[in-house]
Amino acid sequence: MKGQGMRPATESELAEVIREARGRLTIRGGGTRAILPEAGAVLETMGLTGVELYEPGALTLVVRAGTPLAQVEATLAAEGQRLPFEVPDFRAVLGRAGDSTLGGVVAANASGPRRVQAGACRDSLIGVRFVTGEGTVVKNGGRVMKNVTGYDLVKLMAGSWGQLGVLSEVSFKLLPIPETGATLVLRGLSDGQAVAALSAALGSPYEVSGAAHLPGQGTFLRIEGFANSVAYRAEQLRKHLAPHGTVEVEEGTARWAAIRDAAPLAGRAGDVWRLSVKPSDAPGLVARMGAEAHFLDWGGGLIWALMAPGTDLRARLGAFAGHATRMKGEGAVPALHPQTGALAELEAGLRRRFDPRGLFSDALVAA
Amino acid sequence: MEMPKPNQMVLSAKARIVARLRDVLPADSVIEDEAETRAYECDALTAYRCPPLAAVLPRTTEEVAAVLRICHEEGVPVVPRGSGTSLAGGALPTADAVILGVARMNAVLETDYDNRFVHVQTGRTNLSVTGAVEADGFFYAPDPSSQLACAIAGNIAMNSGGAHCLKYGVTTNNLLGVTMVLMDGRVVQVGGPFMDAAGLDLLGVICGSEGQLGVVTEAWLRILPKPEGARPVLMGFDSNEVAGACVADIIKAGVLPVAIEFMDRPCIEATEAFAKAGYPMCEALLIIEVEGSPAEIDEQLGVIKSIALRHNPVELREAADEDQAKRIWLGRKSAFGAMGQINDYMCLDGTIPVSSLPYVLRRIGEMSRDFGLDVANVFHAGDGNMHPLILFDANKPGDLEKCEAFGAEILKLCVEVGGCLTGEHGVGIEKRDLMTVQFAPDDLEAQLRVKDVFDPKWLLNPAKVFPLHVTASRRAA
């Protein structure tokens, strides 16, 4: 234990800290991507570090939850592999410093542009160990990629923002890093035209691994693989997209880091919102939003928006197919999209049973 | 296989319960005659049978909700059923249970190619989901081998996989949203035609919950554009170790085949005798399939073949045309049928870390001699999902019990090497009592609490997944 918060070095120490806790805890990994209000004592996971198991031949990784993302990515890259879901780095857009940890990545279900092809973080997550609000260690899933033994609490923990327990260990299925990649660019499209072009590309057999639209900059598609295959698919896509405009082909995939990290919205005053929507609804929603800036990822299925401070974007949009997360902002607007009715009751019931003393969230009180 | 004693109160109230069900359903949707309920006495795990109290076949979500509301009030257990193809006994009823079959709910509600999803009622069969979109160049990726018959409802309940999940994932990775009826009759929508449902990932825990959290009546499924083409290559090796090393090297080389299937010698011999696919007689055989344009396929197969050659294969056979491709798959696809010709068999479903393959196969061979029962291995080698087939004689007293004991030992071995009891079939009743091998009491308690939230009275498929002694107090409450 040192520094500002409690920093257990082992899972059993973590369990002990939680058992002895007497009030709200804020769980912190690297402190780079949390979006919920902090309260009470800080419980840091950065003492729980280390790769437990890495088998490149089985595309499997098991790490302790506080292990820095950068270290894991370097370890995997040395074997020509990576986490499939393209972990975003939100430090610039959220104004944070520090080193992202794998536990935080999982708690946020942090997924980048490759979401459209390789799935979200939760889709690559194959096992977890976590400590509940009673200080009980629970394991679920494991280190194999096909596993339907019992309930899938692995998925439940992904994107739970620490509300059900503190992750101590996370396991992933990996993918090889492709030999090369290319970026296709269309210029001058409106949001509506862009989503139509992106849908056409994603509905083709040419295995698009990124599909984004940055107003004023261009509409972008990424393909990855062996060199000959990338060249072939780039050419096929160029023809396939001809009805949507002229396609330039850029070598490489360098520009995707900025899309992944929401860089177009970084360093600007205002609130940052992230909406998961039906792709074809995106242009209409954007038109009603009144955003100061926006861009689209996931073929239009993800809207990033910069709003005037304090805007309640959910109230402005009303009901739509999807949900809105306030990533950064001032005022009383909740970060997570509120659930209603039976779903809200189910969520409250789960929080009550995994965290009966309300250590991990304020929501319990309201429920 | 022990099942809970039926609730006498429910049995004696049958007339009233059936009458109430008839009040909310059309006449042809309620089955209570003893001769007719026999059709619902088991699923594909046919060794265990029990006719239900009644079976209902609703046509709409509202009818499902009405049935569940009545059963909730009357304290009647409900066993949801898709097409009844579970190999794990997931749809096995008890005498006091109502079978809720979704087979009549098989409509395609919406097909949306721009947003790449299809919205279906869950009684629709897996293959007919693809059937609804393939003319337009799309498909639904999970492809369990029962896909001609199995329903999406059961696929969601068991989180079904298939041969191509190395590339495309299993059901949970292709499920965008569901409409589900809770045991008290309330209808919820979780997720929808967009990525990542709001809030806690309830969709993730619903998928694979074996019908214990709710009855899923509609689903939004992700559909994918069909690849331009696919081609398999077959290779034979003179040991399981070498075949296993070859698989690891292919994966490390950065190729991502859509399927890597493995068969051992007993399996090769049986399928050859039955299907005559022209397989080489060797210790281990791999079928590896890649996708793409003809040139892309050539490139990937080039990498795969060069790796295989480093491992001195006794056979390396590429499909020159569609016909040869079919012949390569013929034996693999007939493997279960071939076994059925020879004997009764039990098909297991454990998953192991791929690196443990040679050790696990050696141990299975040793156990086979100890138990005096033959076993053949078919294996999704890319993802570690094993399907050992234990051969036995159902007419020989004691053979089924011996077979089950052998199967349990194999599954314990899977857990011991870091794997799990079931990769795609589900726990059902079949592996229920082995759950304590894989999970500590606290691990199970966390899962039970999820069910407590969704189904506080423990009426939905209550005798499955968890050992009965673990759930006894909850079921009795």
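Visitor: Which residues point one way from β4(A), and which the other way?

Guide: This is a predicted model. In it, Thr60(A), Val62(A) and Arg64(A) point one way from β4(A), while Leu61(A) and Val63(A) point the other way. Side chains in a regular strand alternate between the two faces of the sheet.

Visitor: What makes strand β4 of chain A "mostly covered"?

Guide: A residue is called buried if 20 or more other C-beta atoms lie within 10 Å of its own. Five of the five residues in β4(A), residues 60–64, are buried, so the strand is described as mostly covered.

Visitor: How do you know that β3(A) and β4(A) pair?

Guide: Two strands pair if there are at least two bridges between them. Strand β3(A), residues 51–55, has four bridges with β4(A), so the two count as paired, and the sense is antiparallel. Across this pairing, Leu53(A) stands opposite Val62(A). The hairpin that these strands form has four residues between them, and Leu59(A) there takes a positive phi near 55°.

Visitor: What joins β4(A) to β8(A)?

Guide: Five bridges do, and the two strands run antiparallel. With at least two bridges needed, β4(A) and β8(A) therefore pair as well. Strand β8(A) covers residues 166–173, and its Phe172(A) is the bridge partner of Leu61(A).

Visitor: Let us turn to chain B. At what angle do α9(B) and α14(B) pack?

Guide: Helix α9(B), residues 240–252, packs against helix α14(B), residues 357–371, at an angle of about 150°, with the axes 8 Å apart.

Visitor: Why are α9(B) and α14(B) called roughly antiparallel?

Guide: Angles over 145 degrees count as roughly antiparallel. The angle here is about 150°, so α9(B) is roughly antiparallel to α14(B). Their crossing is right-handed.

Visitor: Which residues make that contact?

Guide: Asn240(B), Glu241(B) and Gly244(B) come from α9(B), and Leu357(B), Pro358(B) and Leu361(B) from α14(B). They divide into three nonpolar, two polar and one charged.

Visitor: How many residues of chain B are in contact with chain A?

Guide: 75 residues of chain B are in contact with 68 residues of chain A. On the chain B side, α17(B) gives the largest share, nine residues. The residues of that side divide into 34 nonpolar, 25 polar and 16 charged.

Notes:
Residues numbered from 1 in each chain as written. Chains lettered and ligands numbered in written order. Predicted model: local features only at pLDDT ≥ 70, side-chain atom pairs only at ≥ 80, totals over all residues. Buried ≥ 20, exposed ≤ 12 C-beta atoms within 10 Å, placed from the backbone. Axes fitted to C-alpha atoms, helices over the stretch in contact; angles between N-to-C directions. Parallel < 35°, antiparallel > 145°, perpendicular 65-115°, else oblique. Left-handed = near helix turned anticlockwise from the far one by under 90°. Contact = placed C-beta atoms within 7 Å. Nonpolar A, V, L, I, M, F, W, Y, C, P; charged D, E, K, R; others polar.
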